[in-house]
Amino acid sequence: MRDDYSTFPVGERFQILAPDHPTTPQDRIPLIMERGAFGSGEHETTRSCLEFLEQVALTGATRILDFGSGTGILSIAALKLGAAESWCVDIDEKAIRNSRNNCRINGVAPYVHHFCGPLDRFDESGFDLLLANIYGDLLLAYAEPLVAKLRPRSTLILSGILWEDNYDVRRAYQDLGCQVIRNRFMEDYSSVLMKKG
């Protein structure tokens, strides 16, 4: 993320804003992100996740697992699209602090729970949406426990996947009962939108 950004659009509905640039077009949803934070909307994997999110039907009952949540941008976006609550899980304490702050300045803090630690110590389950913008090897390593935390017919948005890892990631989640809805290749990475059976 550039340190000098002020605002830019992502997808059809979102506008990324710096905290000191709060003006957004009336037809866009504002996502206010701290300057200089990776995962604030410019990287192709984050943009792809946000664009996939625009295609997902979210309701006031949708519970989100944001695995490797980083800045919290994906949870913030999903909540602003109508989801009920999110659990942001990350092993980096700095990321959790950054996510807490971004949730606060976006007005969604009451609907976000933060957990700093490994997935095997995270007990919550019964999620309707998985957001995981992490590397392909991690998506492979955690495929089974992540899918186990989802309800039937849940949606998965997986990204951060290098082209050469795309097939292996898709195959692993398909073997766990998930169906590919969309598979997108970008400049260096790929993203997959899936549905659990």
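Because the model is predicted, local features were considered at pLDDT of at least 70 and side-chain atom pairs at pLDDT 80 or more, while totals for chains, interfaces and linings use all residues. Residues are numbered from 1 along each chain as its sequence is written, and side-chain values rest on heavy atoms, with hydrogens and water left out.

At least two lining residues come from each of α1 (44-53), β4 (63-67), α2 (73-80), β5 (85-90), α3 (93-105) and β7 (127-133), the helices (H or I, at least four residues) and strands (E, at least two) being DSSP runs numbered from the N terminus. By residue class, the lining divides into 17 nonpolar residues, 12 polar and four charged; Ala, Val, Leu, Ile, Met, Phe, Trp, Tyr, Cys and Pro count as nonpolar, Asp, Glu, Lys and Arg as charged, and the others, Gly among them, as polar.

In α1, eight of the 10 residues are buried, namely E44, T45, T46, S48, C49, L50, F52 and L53, whereas in α2 the count is seven of eight, comprising I73, L74, S75, I76, A77, A78 and L79; buried denotes under 20% relative accessible area, exposed over 50%, and partly exposed the range in between, with a 1.4 Å probe and protein chains only. The two helices pack at an angle of about 20°, with their axes 10 Å apart, where axes are lines fitted to C-alpha atoms over the stretch in contact and angles run from 0 to 180 degrees between N-to-C directions. α1 and α2 are therefore roughly parallel to each other, a term that applies to angles under 35 degrees. The crossing of α1 past α2 is right-handed, that is, the near helix is turned clockwise from the far one by less than a right angle. Just after α2, G82 adopts a positive phi of about 120°.

F52, in helix α1, counts as buried because its relative accessibility is 0%, and its C-alpha atom is separated by 16 Å from that of I134, 82 residues apart along the chain. In helix α3, N102 is likewise buried, with a relative accessible area of 0%; N102 and T71 are 31 residues apart in sequence and 6.9 Å apart in space, C-alpha to C-alpha.

Exposed positions include R153, which is placed in strand β8 (residues 150-162) and has a relative accessible area of 64%. Although R153 is not a glycine, it has a positive phi of about 70°. T23, in the loop between β2 (14-17) and β3 (29-32), counts as exposed at 58% relative accessibility, and 34 Å separates the C-alpha atoms of T23 and N183, which are 160 residues apart along the chain.

Terms used. Angles under 35 degrees count as roughly parallel, over 145 as roughly antiparallel, 65 to 115 as roughly perpendicular and the rest as oblique.
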